[in-house]
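Here are some notes to read beside the model. Please keep the sequence and the 3D view open while you go through them.

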Amino acid sequence: MSDEQLSVAGGADGIVARTDDLYALADVVQKVRLTIADVSATLSSPWLRLRLAEASRVDPFAAVDVEQRLDELIVWPSPLCFATDGATRLWLTLLAAAAGYEHTEDGIFGAFLAAVGDLFVGACEFALGQTDSAEDRVFEALPGLTPLAMRELEQWGVIPDPATIADGHPVLHDLGPDRRVLVRTPPTDLGDLVRQLALRNEGRHGEISVSVVTDADGTEHAIVDIPGTKSWNLSPNPDATSVGTDLRAMAGLDTSYEEGVMQALAAAGVGRQTDVMLVGHSEGGIIAINTARDAVRSGRFRITHVVTAGSPIGEVSEQLPRSVQVLALENDDDVVPATDSAGNPEAPNLTTVHVADEHDSIGGNHSLDDTYVPEADAADASGNASIDAFVAGAGRFLTGVATRTHAYQITRGF
Amino acid sequence: MDATDVYLAAARVDGCAVELRARADLVRLRMQTTRWRSGAATAAFDRVDELLALLMMSAERVEAVADATRALAVKVAYS
């Protein structure tokens with residue numbers, strides 16, 4: 001784990017100073033933009049042109065040559081024009097990067113403190129036998145115990161390096177076919193995909209599903225729903241979604257959860273010739289990206305599309321093959337997608353859809369039902385070219401005439 | 001006509017080149033003192049070198065125009 005990653009969480013040599021650096025550089029770049037504008041104004045000024053016009057009486061050819069060269073400097077396409085364009089993009093990128101780090105800093109520590117408070121109250125409620133409210137409270141705390149907060153704890157020596165976290169091996173449990181109406185209905189858009197993921201999220205810890213969608217011509221495509229963290233227990237435990245998986249997956253390491261997804265695909269009869277879409281929430285999105293990366297590299301499965309909701313995939317998606325199309329739904333008021341401190345890379349195969357959807361709670365801002373289902377519906381209705389291109393590319397997953405879904409549970413064995 | 005005006009025009013164009021080079025130097029200096037990290041800032045820093053190259057190329061071309069203008073001023077002076 002690099003210093004750059006750790007520093008994002010703040011501390012003595014932390015994010016504020018570095019954010020100031022970015023703002024200072026943005027200011028210098030902004031002055032470059034102003035200077036180029038001044039230079040362009042000078043080179044096209046009537047005063048200068050008048051001097052050249054006067055000089056043309058002596059040597060018209062030389063004067064015309066100078067005028068043409070002046071025009072070539074200030075008229076598109078010229079290095080000066082490209083420099084203006086480049087400085088503008090750089091300026092905006094620096095401002096966005098600095099603002100993003102500030103957002104991460106503000107959000108992560110607030111979320112972390114709130115999570116610690118929830119855990120304390122939850123522990124008291126457990127002790128008093130108020131199990132239901134205690135579980136709710138602990139679950140509410142989960143998004144606050146995000147990988148970035150965990151990294152800070154790692155720096156303090158409270159938790160170990162991700163590579164040393166015991167991850168065991170996956171154990172796949174067959175939960176049988178799922179014949180609920182919503183699951184039986186073939187998805188037609190992003191909203192349907194996220195609604196089905198939300199339904200799966202209500203299941204057991206480590207429960208995922210493989211849905212085989214059949215086209216009118218009989219062609220089959222597979223959609224895998226991968227929910228997120230269900231346990232904050234860092235010690236070795238059977239819950240494949242527990243937070244140790246977050247830490248390992250964020251560091252790009254393989255996990256039992258990821259291997260379990262591949263085993264579920266194989267168990268569902270999905271072969272190498274079948275196109276696969278992975279749909280993940282929170283930690284499930286990181287697992288989806290890592291699974292796609294490893295499956296495509298090894299040729300084990302043909303994963304063509306990934307949809308993530310509220311997942312910090314900025315870093316892990318850097319390693320994703322370009323053949324995999326990704327659509328990431330991110331709520332700017334949700335701290336979880338920002339916890340890797342990395343904005344999603346700008347790439348043709350990665351479309352990130354942002355919304356600002358404040359629910360006055362960490363859980364609400366990260367919720368599939370409250371936040372990401374509405375965001376997916378809004379994305380469907382947006383008419384945005386990038387979103388439409390992703391949906392068009394994923395067309396055969398969304399035009400099925402029948403679907404059969406099988407549920408599995410992935411646990412860890414040691 | 002007065003050759004001085006044409007010399008002044010050349011000097012103004014030259015001044016533009018000086019400004020562009022100065023701005024490029026300031027960007028370079030600021031870069032040296034900027035602590036940066038991976039992630040969103042990476043995209044920004046990848047673009048800095050590109051911007052510096054464009055500024056230097058622009059400055060060179062502006063200087064060439066200034067030279068041509070100065071040569072014109074000499075002709076005016078001896079006309």
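Predicted model: local features only at pLDDT ≥ 70, side-chain atom pairs only at ≥ 80, totals over all residues.

1. Residues are numbered from 1 along each chain as its sequence is written, chains are lettered from A and ligands numbered from 1 in the order in which they are written, and side-chain values use heavy atoms, with hydrogens and water left out.

2. In chain A, eight strands make an open sheet with mixed pairing, in the order E1-E8-E2-E3-E4-E5-E6-E7. Strands (E, at least two residues) and helices (H or I, at least four) are DSSP runs numbered from the N terminus, and two strands pair if DSSP finds at least two bridges between them. Strand E1 (169-178) and strand E7 (350-355) of chain A are at the edges with a single partner strand each, so one side of each has no neighbour in the sheet. From one strand to the next, the twist averages 20°.

3. Within this sheet, E3(A) and strand E4 (residues 275-281) of chain A are paired in the parallel sense over six bridges. A:Ile226 has A:Gly280 in E4(A) as its bridge partner.

4. The axes of helix H3 (residues 46-55) and helix H4 (residues 60-74) of chain A come within 8 Å and cross at roughly 155°. Axes are lines fitted to C-alpha atoms, for helices over the stretch in contact, and angles run from 0 to 180 degrees between N-to-C directions. H3(A) and H4(A) are therefore roughly antiparallel (angles over 145 degrees).

5. A:Ser242 is found in the loop between strand E3 (220-226) and helix H10 (243-250) of chain A. Is A:Ser242 buried or exposed? With a relative accessible area of 1%, A:Ser242 is buried (under 20%, with a 1.4 Å probe and protein chains only). Its side chain makes a polar contact with the side chain of A:Arg412 at 3.0 Å. A polar contact is a pair of N or O atoms within 3.5 Å; within protein, one must be able to donate a hydrogen and the other to accept it, and residues adjacent in sequence count only if both atoms are side-chain atoms.

6. A:Gln409 is in strand E8 (residues 402-413) of chain A and counts as buried at 14% relative accessibility. The side chain of A:Gln409 reaches the backbone oxygen of A:His205 at 2.8 Å.

Key. Parallel < 35°, antiparallel > 145°, perpendicular 65-115°, else oblique. Buried < 20%, exposed > 50% of the residue type's maximum accessible area, 1.4 Å probe, protein only.
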